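This report walks through one protein chain for a reader who has not seen it before. Please keep the sequence and the 3D view at hand while reading.

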Amino acid sequence: MDRHLAQARSDLERLVARGAAGDLGQPPEVHRVDAVARAEYRPAAVLLLFTPTLARPDVFPGLDLYLVQRSPLLRHHPGQIALPGGRADDGDAGPAATALRETHEEIGLAPERVEVIGTLPQVAVPISRFLVTPVVGWATDPGGLEDVEVGEVLHTLRLPVSDLLDPAGRSTVTIHGHGSAGFAVQGGWVWGFTGNLLDGVFDELGWTRPWDRSREYAMSMAEARGDTLPPATPEG
C-alpha cells in the first residue's frame with residue numbers, strides 16, 4: 001500500500017474510532033437526532049465506499065468514492081446524486097448489512113469485496129423520515145460491477161475524492177432559503193443530506209481544503225426534482 005493510501009486508511013480508521021467514542025462534532029441542526037427521530041423515523045444506512053483511485057493516484061488521498069444518481073421518477077430525492085444505501089429490512093443483521101445489501105442492489109458490487117471499517121453516529125433525514133447510519137467501507141479491488149435492474153438508480157459514479165475536495169467545485173447550494181454543502185460534479189451537484197454528510201466527514205478527516213464558504217449556487221425546484229438535471233457521467 002503506497003503512502004497516500006496508508007495515510008487515508010489510517011485517517012478513516014481514526015474517524016470510526018472517534019465516532020464510537022463520541023468525539024466527533026455535531027452535524028448540521030437539521031440532521032441531528034432527537035427524541036422524535038429516535039421514536040418515529042425508519043432505520044436506514046448508506047455506504048461511504050472508498051477504493052484506490054483510477055484517476056489521480058499521485059494526489060492525496062488517492063481514493064475514489066462511489067455515488068449513484070437516483071432516478072428522477074422516485075418519490076424521495078428524485079434525480080439527486082447520493083451515496084448508495086437505503087432502508088433497513090427486518091432480515092438485515094445491522095446497519096453494515098443494510099448498506100452492503102443496498103449497495104449490491106443499486107450498483108452491483110459484491111458484498112464480499114467490501115471491508116467494513118466501521119460505522120459513524122446516526123444522522124436524521126427529516127424530509128424522508130429516515131434515521132441513517134453511515135457505514136465506512138474499503139474495497140482494495142472492487143472488481144467488475146454486476147448488472148442491476150433499472151429502477152432506483154440511473155448511473156453508478158466513481159469519483160476521485162481529490163476532485164470532490166477541489167475548492168473550485170465547492171459551494172453552498174441554496175433552495176427556498178435553505179442551504180446545504182455542495183460539491184460540483186460533471187452533470188450536476190452533490191447537495192442536501194449527502195452534501196452535508198460528505199462535508200462533515202471530510203472536515204473530521206482533516207481532508208477539507210479551504211474554500212470560499214460565502215459562494216452560493218441557487219438551485220431551482222425543477223433542478224432539485226431532477227427535471228432539468230442532465231445525467232451525471234457514469235463510471236467508465
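Which residue of β11 does F183 stand opposite? F183 stands opposite V190 in β11.

The model is a predicted one, in which local features need pLDDT of at least 70 and side-chain atom pairs count only at pLDDT 80 or more, while totals for chains, interfaces and linings use all residues. Residues are numbered from 1 along each chain as its sequence is written, and side-chain values use heavy atoms, with hydrogens and water left out.

**Overview**

The chain has six helices and 12 strands. Helices (H or I, at least four residues) and strands (E, at least two) are DSSP runs, numbered from the N terminus. Of the 236 residues in the chain, 50% are buried. Here buried means under 20% relative accessible area, exposed over 50%, and partly exposed in between, with a 1.4 Å probe and protein chains only. Contact means heavy atoms within 4.5 Å. Among the contacts in the chain with a separation of 6 or more, 68% are between residues 24 or more positions apart.

Two strands count as paired if DSSP finds at least two bridges between them. β9 and β10 run antiparallel and are joined by six bridges. In this pairing S171 stands opposite G182 in β10. The two strands form a hairpin with two residues between them. H176 is in the turn and has a positive phi of about 50 degrees, although H176 is a residue other than glycine. H176 is exposed, because its relative accessible area is 67%.

β10 is also joined to β11 (residues 188–190), by three bridges, and these strands run antiparallel. Their hairpin likewise has two residues between the strands, and G187 takes a positive phi near 100 degrees there.

**Backbone details elsewhere**

A positive phi also occurs at R129, about 60 degrees, although R129 is not a glycine. R129 lies in the loop between β6 (123–125) and β7 (130–138). With a relative accessible area of 35%, R129 is partly exposed. G108, which follows α3, has a positive phi near 80 degrees.

| Residue | Phi |
|---|---|
| R129 | about 60 degrees |
| H176 | near 50 degrees |
| G108 | near 80 degrees |
| G187 | near 100 degrees |

The peptide bond from F60 to P61 is cis, with omega near 10 degrees. P61 is found in the loop between β1 (42–52) and β2 (63–70).

**Helix α3**

Helix α3 covers residues 95–107, which makes 13 residues. From its first C-alpha to its last, α3 reaches 18 Å, close to the 18 Å expected at 1.5 Å a residue. The expected span is 1.5 Å times one less than the number of residues. Buried residues in α3 include T98, A99, L100 and R101. E102, T103, E106 and I107 of α3 are buried as well.

**Aromatic rings and charges**

Rings of Phe, Tyr and Trp (its six-membered ring) pair if their centres lie within 6.5 Å; planes under 30 degrees apart count as stacked, over 60 as edge-to-face and the rest as tilted. By this rule the count comes to five aromatic pairs. One of them is F60 with W207, an edge-to-face pair at 5.7 Å centre to centre with 85 degrees between the planes. F60 lies in the loop between β1 and β2 and W207 in the loop between α5 (192–205) and β12 (216–218), so the pair ties together parts that are 147 residues apart in sequence. F60 is partly exposed at 31% relative accessibility, whereas W207 is buried at 5%. Ring pairs link F50, F60, F183, F202 and W207 into a cluster.

A charge sits over a ring if NZ of Lys or CZ of Arg is within 6 Å of the ring centre and within 35 degrees of the ring normal. The charged end of R9 sits over the ring of W138, 5.3 Å from its centre. R42 lies over the face of F130, at 4.2 Å from the ring centre.

Where is H31 found? H31 is in the loop between α1 (3–20) and α2 (35–40). H31 counts as buried because its relative accessibility is 7%. The side chains of H31 and N196 are joined by a polar contact of 3.1 Å. A polar contact is a pair of N or O atoms within 3.5 Å; within protein, one must be able to donate a hydrogen and the other to accept it, and residues adjacent in sequence count only if both atoms are side-chain atoms. Leaving aside its neighbours within four places in sequence, H31 is in contact with V123, A124, F193 and N196.
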